[in-house]
Protein chains: 2
Amino acid sequence: MSKGPSRRSFLRGAAAGTAFVAGAAKAGTPDPLITEVQPWASGLGDGVDATPYGLPIEYEADVIRRNVEWLTADTISSINFTPIHALDGTITPQGCAFERHHSGAIDLRKEDYRLMINGLVDRPLVFTYADLERFPRENHVYFCECAANTGMEWAGAQLNGAQFTHGMIHNMEYTGVPLRTILQEAGLAAAGDLSDKWVFVEGADASSNGRSIPMEKALDDVLVAFKANGEALRKEHGYPVRLVVPGWEGNMWVKWIRRIEVMDGPVESREETSKYTDTLADGTSRKWTWEMDAKSVVTSPSPQAPITHGKGPLVITGLAWSGRGAITRVDVSTDGGKNWQTARLAKPGEKMALTRFYLDIDWGGEEMFLQSRAMDETGYVQPTKAQLREVRGLNSIYHNNCIQTWWVRPSGEAENVEVS
Amino acid sequence: MSKGPSRRSFLRGAAAGTAFVAGAAKAGTPDPLITEVQPWASGLGDGVDATPYGLPIEYEADVIRRNVEWLTADTISSINFTPIHALDGTITPQGCAFERHHSGAIDLRKEDYRLMINGLVDRPLVFTYADLERFPRENHVYFCECAANTGMEWAGAQLNGAQFTHGMIHNMEYTGVPLRTILQEAGLAAAGDLSDKWVFVEGADASSNGRSIPMEKALDDVLVAFKANGEALRKEHGYPVRLVVPGWEGNMWVKWIRRIEVMDGPVESREETSKYTDTLADGTSRKWTWEMDAKSVVTSPSPQAPITHGKGPLVITGLAWSGRGAITRVDVSTDGGKNWQTARLAKPGEKMALTRFYLDIDWGGEEMFLQSRAMDETGYVQPTKAQLREVRGLNSIYHNNCIQTWWVRPSGEAENVEVS
């Protein structure tokens with residue numbers, strides 16, 4: 001637990017906010033919510049049989065996944081966005097965790113589930129769901145980020161809200177079996193030298209969304225997962241079984257995984273050639289850009305989460321993550337990157353998981369150009385948009401991990417902007 | 001990450017299970033799920049606009065909170081149970097996390113929310129919801145256990161399922177403001193020597209459910225929380241604001257918290273005298289038994305989660321927790337406590353949070369008397385039911401943290417039993 005600002009400095013902040021102490025500010029005006037007995041304090045509420053499986057209260061109806069109509073030709077091969085501007089902490093509830101489908105979210109019962117392991121293995125195997133439950137399990141919290149997250153920002157500040165610029169991400173506690181265990185069950189002696197071998201993984205949906213993964217990663221931390229945040233995967237996240245590929249782009253986290261083939265090279269499938277490669281300024285494309293580089297974003301205040309309380313104490317908060325390990329530090333700037341303050345991490349960073357950061361300031365009501373800058377345990381520092389464009393050009397779609405800027409006006413409203 | 005069983009021993013286990021390798025077992029019978037193109041692999045699934053806020057897939061419809069009709073006179077002042085037998089990992093999804101209400105789950109909008117701080121403070125204050133959002137926040141994962149969890153077991157092995165014997169518990173990542181911060185904002189100089197002061201906390205529902213908390217705890221780790229697992233608290237868990245009292249009995253985690261009064265002694269309210277005290281064998285009652293002692297339970301196999309795959313590799317799993325700190329070790333017995341094996345903890349134990357344990361065994365198909373025994377960082381060891389009865393008698397309802405026994409038959413079915 002890192003230390004917050006000292007008590008003394010916080011109280012100074014509070015005292016500076018004229019309308020901050022609600023009780024004091026309203027001392028002369030009786031508040032019926034205090035002075036009168038309210039209906040919820042005199043009647044009975046819902047019983048324990050009201051919602052066997054509950055949903056958020058109606059007043060939170062705006063905390064939902066949203067899609068952007070112009071982004072894709074239809075909603076089947078499309079994406080929606082996690083409402084990160086309205087969340088706090090690090091866990092993403094399944095109900096509002098983003099979805100990306102290539103041929104829609106399929107309906108696959110556990111009884112109909114099969115996982116084939118074939119190719120260069122000693123004995124090809126087919127597992128049922130019940131078989132998978134018999135292997136030793138692990139639990140890990142990991143973020144899953146679509147390679148296209150923030151992709152619309154290559155062309156400028158296009159979408160007005162953290163949900164849309166950075167919401168192709170979620171963070172869950174997965175339970176599953178290491179892929180290593182499954183591969184060893186099939187036997188890898190037939191594959192010979194493993195250092196140049198790959199696995200090809202594909203899903204049971206019509207797109208099959210096949211991807212090649214180097215054997216080194218497959219034997220490291222990849223999970224064949226069947227639970228997220230304690231319960232079964234949701235339909236839209238690959239029920240009953242998906243691949244979890246920690247730190248690597250979401251497209252490789254194959255949902256409804258049906259087949260894993262051990263091969264002597266990559267397949268160079270559509271999903272890793274014409275898609276999910278990075279076209280550079282000279283027209284050539286980088287491939288095998290699997291890791292998601294260190295990145296961060298201020299989630300509040302932000303365009304969908306403006307400041308509504310005026311000047312005085314203000315909580316600036318956001319998320320940071322790295323596909324290469326743990327986040328070690330996040331800095332926040334309120335002046336577009338000229339000056340930086342080190343934010344407080346809610347917990348020490350964990351490998352390939354979201355880290356929540358806070359900066360508690362005394363806002364004077366002036367405009368701000370809010371930015372955050374993440375650092376990870378490899379020493380990598382999140383780049384500016386200009387630095388990223390210098391290296392990558394303007395042709396890219398994927399892997400945009402640049403520093404984001406929100407222009408916060410004196411009114412408290414915020415807007416997605418670029419600073420030079 | 002603790003180490004699992006060695007690869008070698010696991011493969012021996014797998015080889016011993018005749019029907020374990022599904023592919024091998026079905027080699028002679030073509031499986032249409034493998035040989036034929038299935039509808040989900042040729043058609044389109046749901047689009048990304050199908051569920052702005054998603055629910056579990058229909059096939060998981062049995063993973064729900066359940067109440068026990070005979071337990072309470074009505075469902076308003078009642079309790080339901082988390083389906084822990086069907087969950088894995090440690091996070092409890094809000095949707096199926098147990099509820100306990102004294103006058104029902106009330107409907108309280110953020111705009112109508114007020115929190116009063118009064119009593120021995122320098123300046124009594126009333127906070128709106130928006131005010132609370134301006135204080136520095138913290139994130140912590142904590143379990144919340146009702147003091148009555150496992151309470152029906154004092155009289156014998158009464159309820160057939162881990163959901164019912166141990167399901168008055170959930171574990172979430174909370175975001176909130178330390179109560180300490182709120183109290184310091186009101187100023188504690190007026191209270192003088194804090195070592196003998198208390199706070200009295202009450203909720204906005206009709207029951208008000210008032211409880212006294214010693215100042216030492218109030219200034220330590222208590223949170224005024226408004227988010228759980230990243231999103232707003234659910235209505236049934238105290239929306240918009242509840243108290244989080246780490247490690248202490250759930251009744252003190254006041255929902256819809258409306259008032260916190262600094263006092264020079266405890267109130268000795270109904271909820272801490274005629275309720276939530278432990279009547280001993282001689283008829284006297286223990287009070288102020290706030291901490292939840294170290295406890296554990298095997299969640300699978302269990303009566304609601306029987307073994308369906310026959311002998312061979314079997315994952316035994318469960319949960320352990322302690323209100324006094326981190327779980328350091330869990331042992332599992334398959335013979336009713338004669339012999340113990342140390343289970344694998346999915347992650348090192350964290351203070352006042354659920355810890356998931358696994359024991360991967362090769363089951364020979366014989367009957368088992370399955371038990372788990374938790375140890376925490378204070379050196380405390382979870383007692384047997386006989387040991388607990390010896391100290392506490394048979395008059396208690398609350399704070400039953402005894403070792404649980406499941407009798408697993410050769411058929412794989414399990415039953416709640418007592419062993420002498």
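Author: Two strands pair if DSSP finds at least two bridges between them, and strands (E, at least two residues) and helices (H or I, at least four) are DSSP runs numbered from the N terminus. In this predicted model, local features need pLDDT of at least 70 and side-chain atom pairs count only at pLDDT 80 or more, while totals for chains, interfaces and linings use all residues. Residues are numbered from 1 along each chain as written, chains are lettered from A and ligands numbered from 1 in written order, and side-chain values use heavy atoms, without hydrogens and water.

Reader: How do you know that β17(B) pairs with β18 of chain B?

Author: There are 2 bridges between β17(B) and β18 (residues 341-342) of chain B, and the strands run antiparallel. The rule asks for at least two bridges, so they count as a pair. B:V332 has B:Q341 of β18(B) as its bridge partner.

Reader: Which way does β21 of chain B run relative to β17(B), and how many bridges join them?

Author: The two run antiparallel, and 6 bridges join β17(B) to β21 (residues 368-376) of chain B. In β21(B), B:M375 is the bridge partner of B:R329.

Reader: Why is β17 of chain B called largely enclosed?

Author: Buried means under 20% relative accessible area, exposed over 50%, and partly exposed in between (1.4 Å probe, protein chains only). Of the 7 residues of β17(B) (residues 327-333), 5 are buried, so the strand is largely enclosed by the rest of the structure.

Reader: What makes α6 of chain A mostly covered?

Author: In α6(A) (residues 179-186), 6 of the 8 residues are buried. Among them are A:L179, A:I182 and A:E185. After the helix comes A:G187, with a positive phi near 90°.

Reader: Why is the pair of A:Y276 and A:Y398 called stacked?

Author: Rings of Phe, Tyr and Trp (its six-membered ring) pair if their centres lie within 6.5 Å; planes under 30 degrees apart count as stacked, over 60 as edge-to-face and the rest as tilted. By this rule there are 24 aromatic pairs over all chains. A:Y276 and A:Y398 are 4.7 Å apart centre to centre, with 20° between the planes, so the pair is stacked. The two residues lie 122 residues apart in the chain, and both are buried.

Reader: What makes A:R373 count as lying over the face of A:W340?

Author: A charge sits over a ring if NZ of Lys or CZ of Arg is within 6 Å of the ring centre and within 35 degrees of the ring normal. A:R373 lies over the face of A:W340 at 4.1 Å from the ring centre.
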